[in-house]
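This report describes selected local features of one model. The sequence and structure come first.

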Amino acid sequence: MISDPLILSIVLFSFMFLLLFAGLWIGFSLFAAGIFGMLVYDLNLPPVLSVWDKIGSLMANSMYNSLNSWSLTALPLFIFMGEILFRTKISTKLLNGLVPWLSSVPGKLLHINVVACSLFAAVSGSSAATTATVGKITLEELKKRGYDRNLALGSLAGAGTLGFLIPPSLIMIIYGILSDTSIGKLFIGGVIPGIILGGMYSLFIIVRVLFNKDLVPQLKEKYTFMQKIKASYELIPVLFLIIIVLGGIYMGVTTPTEAAAIGVIGSFILAALFKNLSWENFKSSLTNAVKTSCMICFIIAGAGFLSQVVAFIGIARALSEYIVSLGLNAWMLILIVGLMYFLLGMILDGISIVVMTLPIVLPIVLEAGYHPLWFGIFLVIMVELSQITPPVGFSLFVIEGISEENITTILKATFPFFIIMASMVLILLLFPDIVFFLPSKM
Amino acid sequence: MIGKLIHIIRKVSGIGTCLSSLFMIFITILIGLEVLLRSVFDTTTHISTEYSTYFFIALVSLGLAYTMREDGHIRITLLTGRLKGKAKKIQEISTTVLALIISVFLFYHTVLMAYETYSLGMKADTVSETPLYIPQLAIPVGILLLIIQLIDRILEIIYDFGSTDT
């Protein structure tokens, strides 16, 4: 029986990581760690109540309470929407619409990943979905036309992560629920940082190409202005979806959950128009969406229970008090928090990291004077980084699957984009107003 | 015999998958209807928010087993991915057994929770006054399916175990 909360927290988290590394599923590891925490803590229960009953009722209730959430209902819907769009011709349409415009920019089609991912991210809630949907078309096209392979792979990895930053975003939904921040405001707050990040990727590509002309094939693809306009019709489906999903949220007419349902219906309409709506496609997008939603929600339920335990046995408060007693200034604190997320990002996926750490980290960060809206965007970028940090980076796995390149090549190609993303964190720290500008206009 | 048992188990968890998928569609239709009614006919279903949340609880609970079967629940394979042969099987069995124990415990207590809600007659404080034990019951049903799936998993590993040894 341990009563000192600091020692208790060390024992608890060591136990949790032991289970995680032993290969127990993340959701179950969180439940097990919670049970363990209750057992080793010096509980002062009346003799009529057994510790197992207390644990059991806490577990059952936190499972129900985590799932009994209207806001969280948006999550499966956005996943479903992404699955439907993945099976449509939407990525081909994006490519056709963008090619004529990009052919006159230095670096030409190398920008296709950045622009297509930014646009697709505005209808997709996850980085994996964005990377997979855009990458399945662009990587092949760029290879066929003789563009530099490294820049193609790297820009896909970097820009694909915009799926989490540019709304809608699964991470923002989860963060919004856990931190009691408006999901609508988080969504809109991610727009400007997302555009800046995409802009920096494009700038990097232009600089690389200016110094090394061999990266771009010497093909002459000329388009007249009318041809460009004509090709732009291909972009209408994506723009239509962006408007119906984000427009309602921005104007305050729909909640994010309603916007998600509208998005699902809109995607079905597009799939029908593109003649991609076969029974096979429908069934596989539905079952895949169920699978991903259940995976995420089970982790959320486990983390919900663990955070109840952490609060109940006093770890959360003790850790906050301890950090405050260290007298770190706000910069130092956010640096340490950032470093911690970076390290966790190596072994865990983004959503698990957010739900596991937030109950402890959020109060500390707010205490230091950071705004919850700002910290949400900061967290999203940290999660994006975790998507492309080895050895466990989900975007890397997705790209490995569609490009058939080995992971070392992909990592090397991704590194410059990783640095750009990390510098985005710095920009966010120096100019926090880029987060608040749009939400304040809502 | 074990083959037959696994076959039956698959059938049962297939039902869970179907129901889970159906709830996804129900949510979409219900909210879609609400948005349509509100924007075009200036009226409301009254229950859209409440019931889509119940459907969501059912979607997740009933889909847990299917997700397990399809290896959809994620875990860290950084170290365990290097294990081979017997060590791999021991690791697989022990983590699955641990998951099974937690699931059984959770099953018992979610049944208890739903029963308590039922006996106290708790209702949602909305126009529908839905008895809350109904959405709560979805959780133990889903976890029961998960338990069956985990048993199936253990059987499969042990079964495979025997066949490679002989």
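The sections below cover conventions, the core, aromatic contacts, selected residues and backbone geometry.

## Basis of the description

This is a predicted model, in which local features need pLDDT of at least 70 and side-chain atom pairs count only at pLDDT 80 or more, while totals for chains, interfaces and linings use all residues. Residues are numbered from 1 along each chain as its sequence is written, chains are lettered from A and ligands numbered from 1 in the order in which they are written, and side-chain values use heavy atoms, with hydrogens and water left out.

A nonpolar core is a set of buried Ala, Val, Leu, Ile, Met, Phe, Trp, Tyr and Cys residues joined through side-chain atoms within 4.5 Å. Buried means under 20% relative accessible area, exposed means over 50%, and partly exposed lies in between, with a 1.4 Å probe and protein chains only. The largest such core has 202 residues, and A:Phe28 and A:Phe375 have the most contacts inside it. Helix H16 (residues 279–312) of chain A contributes the largest share of this core, 16 residues. Helices are DSSP runs of H or I with at least four residues, numbered from the N terminus. Contact means heavy atoms within 4.5 Å. Leaving aside residues up to four places away in sequence, A:Phe375 touches A:Tyr175, A:Ile334, A:Val337, A:Tyr341, A:Leu358, A:Val361, A:Leu362 and A:Val365.

H4(A) has 13 residues and spans 18 Å from its first C-alpha to its last, close to the expected 18 Å; the expected span is 1.5 Å times one less than the number of residues. Twelve of the 13 residues of H4(A) are buried, so the helix is largely enclosed by the rest of the structure. Among the buried residues are A:Phe78, A:Phe80, A:Gly82 and A:Glu83.

## Aromatic contacts

Rings of Phe, Tyr and Trp (its six-membered ring) pair if their centres lie within 6.5 Å; planes under 30 degrees apart count as stacked, over 60 as edge-to-face and the rest as tilted. The structure holds 27 aromatic pairs over all chains. One of them joins A:Phe80 and A:Phe268 edge-to-face, with 5.7 Å centre to centre and 75 degrees between the planes. This pair links distant parts of the chain, 188 residues apart: A:Phe80 is in helix H4 (residues 74–86) of chain A and A:Phe268 in helix H15 (residues 256–273) of chain A. Both A:Phe80 and A:Phe268 are buried. A:Tyr370 and A:Trp374 form a stacked pair, 5.1 Å centre to centre and 20 degrees between the planes. A:Tyr370 counts as buried because its relative accessibility is 14%, and A:Trp374 counts as buried at 3%.

A:Trp25, A:Phe28, A:Phe31, A:Phe298 and A:Phe305 form one aromatic cluster. Elsewhere, the charged end of A:Lys136 sits over the ring of A:Phe86, 4.3 Å from its centre; the criterion is NZ of Lys or CZ of Arg within 6 Å of the ring centre and within 35 degrees of the ring normal.

B:His73 lies in the loop between helix H2 (48–69) and helix H3 (85–119) of chain B, and counts as buried at 5% relative accessibility. A polar atom of the B:His73 side chain lies 3.3 Å from the backbone oxygen of B:Leu64. Its contacts, not counting residues up to four places away in sequence, are A:Trp25, A:Cys294, A:Met295, A:Phe298, B:Leu64, B:Thr67 and B:Met68.

A:Ser62, in helix H3 (residues 51–67) of chain A, is buried, with a relative accessible area of 5%. Its side chain reaches the backbone oxygen of A:Met59 at 3.3 Å. With residues up to four places away in sequence left out, A:Ser62 touches A:Gly304, A:Phe305 and A:Gln308.

## Backbone geometry

Most residues other than glycine have a negative phi, and most peptide bonds are trans. The peptide bond from A:Pro167 to A:Pro168 is cis, with omega near -10 degrees. A:Pro168 is in the loop between helix H9 (162–165) and helix H10 (170–179) of chain A.

A:Asp180 is not a glycine but has a positive phi of about 60 degrees; A:Asp180 lies in the loop between H10 and helix H11 (183–189) of chain A and counts as exposed at 72% relative accessibility. A:Glu404 has a positive phi near 60 degrees. A:Glu404 is in the loop between helix H21 (394–403) and helix H22 (407–430) of chain A, and is exposed, with a relative accessible area of 72%.

Key:
Helices (H or I, at least four residues) and strands (E, at least two) are DSSP runs, numbered from the N terminus. A polar contact is a pair of N or O atoms within 3.5 Å; within protein, one must be able to donate a hydrogen and the other to accept it, and residues adjacent in sequence count only if both atoms are side-chain atoms.
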